[in-house]
Amino acid sequence: MNGGLVRILDGNTFVVSDSRGDIEASLTDPTGLFSFDTRFLSTWILTVNGERLNPLSVDDLAYFESRFFLVPGTGTVYVDSKLSVIRRRAVGDGFHEELTILNHDEEPVELTVRIEAACDFADLFEVKDALQKKGAYSRRVSGRKLLLGYERESYIRQTAISASAPAKVDEQGLTFSVYVAPQGSWTTDLDVVTAAGAGGTYSRPKYQRGQRGARPNMERSLERWLADAPRLESESDSLRATYRRSLVDLAALRFSPPVVGGAKSLPAAGLPWFMTMFGRDSIFTSLQALPFTSELAATTLRALGDWQGTRTDDFRDEDPGRILHEMRYGEMTAFEERPHSPYYGCADATMLYVVLLDEYERWTGDRRLVRELRNEARAALRWIDDYADLMGNGYVSYQRRNEETGLENQCWKDSWDSISYRDGRLPGFPRATCELQGYAYDAKVRAARLAREVWGDPDWADELERQAADLKRRFNRDFWVEDGGYFALALDSEGKQVDSLTSNNGHLLWSGIVAKSKAKSVVRNLMGPRLFSGWGIRTLAEGEGRYNPIGYHVGTVWPFDCSFIAWGLRRYGFKEEAAQVAGGILDAAQFFDGRLPEAFGGYERGVTKYPVQYPTACSPQAWSTGAPLLLLRTMLGLEPVDDRLLVDPMLPDSIGLVALLDIPGRWGRMDAFARGRAAVLPPRARSLSPARG
Amino acid sequence: MPDATTEFFTELEQRGHEPLLEKATGSLRFDLVDNGRRSRWLVEIDRGDIAVSHRNAKADCVLRSDKALFDRIASGEENAVAAVLRGAITIDGNRQLLVLFQRLLPAPKTSA
């Protein structure tokens, strides 16, 4: 767990505490009980006889539950206590905590046990940006409950705290006068529940004493989720562990979008800041997970379709047909101090939406949903032509209209300095990044297939294919960096190439926009020492002006990025190179107990021997969680073709035998078997495998 | 001169069919309060076909709002989703209907 913090979650409710189970948040500190992007508890401190406790161990029982073993006294080298304290906490519509004190002595003890509680009701944005509140706070004792409240006009949030054992409740917390017999124990249940709105009804804690099984909001429990996923058999312990970790984390990141409602789930972007609906992240993660579960894709398509833009709204950067970037529920969004209701400033999600729709149909054969979403797909494709071509040059580009709180870079590399020329200069706006053109191409090609085979509109299919072919021809001319043999990162506002060498070239392979004659040169660059670190492909090549091995989008390696690059390498027949990338990332996963971080340093593998984690706020991160799944797909060469599943494996030799059993799809269930054959080589000693296909 | 709310619902009724609601079937009732005076709009949707009335009927989704606030929403001066998050509009029932319905609300005037 990051920095000794313990995180448990249920949907978009989560608790972050220290290893004692205590919460002591300052405004900028990310601990507390959070729900709907709002902090409902910022202080939660347990003392026994006025003393804080000492952590012995923490058990992460499940993603929604943890148990803290504590003893009184702090700061001692060794502990010889007659008392043990156990806090067992489960999150779900607030949280439930069982507090137990064991007396190991021959003598009885009398104790004063106290829970200190308070709340700042901070919006997640305030926690990230350290902003001050505008409303009024209240604290009140009502019967046996402590009520904490916050009110700003009609915006009301409340937290209620209660205990099962007799307690003296004051405005700062609960005090228990406890007698524990020799070798005896004392216990109480503590419930923390939340409420929103005037006269809002409080949530009911989902977990009660003695309830041990997961009770997800979703249709399927964790056990069912795991049982329904394909079974992986492998000689590699690390691959099996990574696979299981990915499935469990993906289950934890499942999220029912609250306003859309229903029991279906889609992947939220990451814990703890991004337990919400993101267009891009939800789509990429759904794509990665498709060979293992199609539920996420179906819900993502429906929910993003329901919220598809219909208006021109500059504050939200909304256009008709545009797929949303991010939805938020907190105070700053409610008072329009932030545009996330929802915010649409994202240049790729609309095209990726169409890509996901086609890929979903190819795996599941669910034509009903594809027919149902025809209007949404049509509106998305219209957005590409009518709203995304900001420079009138036939390319998708972006420039925010909300200049105060909108996003500058609306591609996946969304940090301020991610798009630069070789010499490090930053281009002006609009910017037409290359991968956007690839996605637009792929969206049109895939939509053409759906138009022909599902929507019964062959004329439209012809038109889409004509547009796609034209885009591909122009793109290969205008973006090709002749002296480097790769595609430019972007075209700037004057149509000139932003000429640095980046991992975006791999996304271009994935999209299919790369002319066959150029593929080998692109792959040589991707697998060369400037981009391939031995662990994975750097976001920006070594030697470029802004290259920094620990720069967020300018030198780090992103597992998600690499998983799509591996898919792209497969698409153009570079099987061994795809296996190299997969092997590197999966080797890296071992160093993180199977949970890949969002990004790690771009240092050369031979130099550091282990991947250096980028200090990031979110873990698990959805598309990092999905990366091993997509890498498994690419290594096994799984490809749905009509009603069959093709298997064409190429694995790193370090992995040995792999069997993926019961792969779900339109064929029912199928198995895939493979044996590692590709040698994993350092980046400098490699010759390219011949391109096939 | 009719108010913005009346204009919005009248225009909706005249449209008869709305492609953006083709996935929707169900009813929404808007209970609006204007200085203690109540008014009501019932919108019934059948796969994109729309009927608007003042009938007092049970609905799949009921919205309660200040009339003045809804006037501002109907004229593009306020955002409905933000108002819901703020608690200025309360909702009971099927929220997906509301998500689909809010797509018909006008764009902000400032963005025109």
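**Briefing: chains A and B**

Helix α1 (residues 4-15) of chain B lies across β1, β2 and β3 of chain B and runs at about 140° to β3(B). The model is predicted, with an ipTM of 0.95 and a pTM of 0.91. For chain B, the pLDDT averages 92, and 98% of the residues score at least 70.

**Sheet of chain B**

- The open sheet has 5 strands in the order β3-β2-β1-β4-β5, with mixed pairing.
- β3 (49-53) and β5 (90-93) of chain B are at the edges with a single partner strand each, so one side of each has no neighbour in the sheet.
- From one strand to the next, the twist averages 15°.
- Strands β1 (residues 25-34) and β2 (residues 37-46) of chain B run antiparallel and are joined by 10 bridges.
- B:Phe30 stands opposite B:Trp41 in β2(B).

**Nonpolar cores**

- The largest nonpolar core has 191 residues, of which A:Tyr353, A:Val354, A:Leu356, A:Leu357 and A:Ile585 touch the most other members.
- Helix α10 (residues 434-453) of chain A gives the most to this core, with 11 residues.
- Another core, of 34 residues, lies apart from it and includes B:Ile50, B:Phe70, B:Ala80 and B:Phe101.

**Contact between the chains**

- In chain A, 25 residues are in contact with 21 residues of chain B.
- β14 (155-163) and α6 (331-334) of chain A each supply at least two residues of the side that touches chain B.
- That side of chain A has 10 nonpolar, 8 polar and 7 charged residues.

Note on methods
Residues numbered from 1 in each chain as written. Chains lettered and ligands numbered in written order. Predicted model: local features only at pLDDT ≥ 70, side-chain atom pairs only at ≥ 80, totals over all residues. pLDDT = per-residue confidence, 0-100. Core = buried A, V, L, I, M, F, W, Y, C linked by C-beta atoms within 7 Å. Buried ≥ 20, exposed ≤ 12 C-beta atoms within 10 Å, placed from the backbone. Helix = DSSP H or I, 4+ residues; strand = E, 2+ residues; numbered from the N terminus. Contact = placed C-beta atoms within 7 Å. Nonpolar A, V, L, I, M, F, W, Y, C, P; charged D, E, K, R; others polar. Pairing = 2+ DSSP bridges. Axes fitted to C-alpha atoms, helices over the stretch in contact; angles between N-to-C directions.
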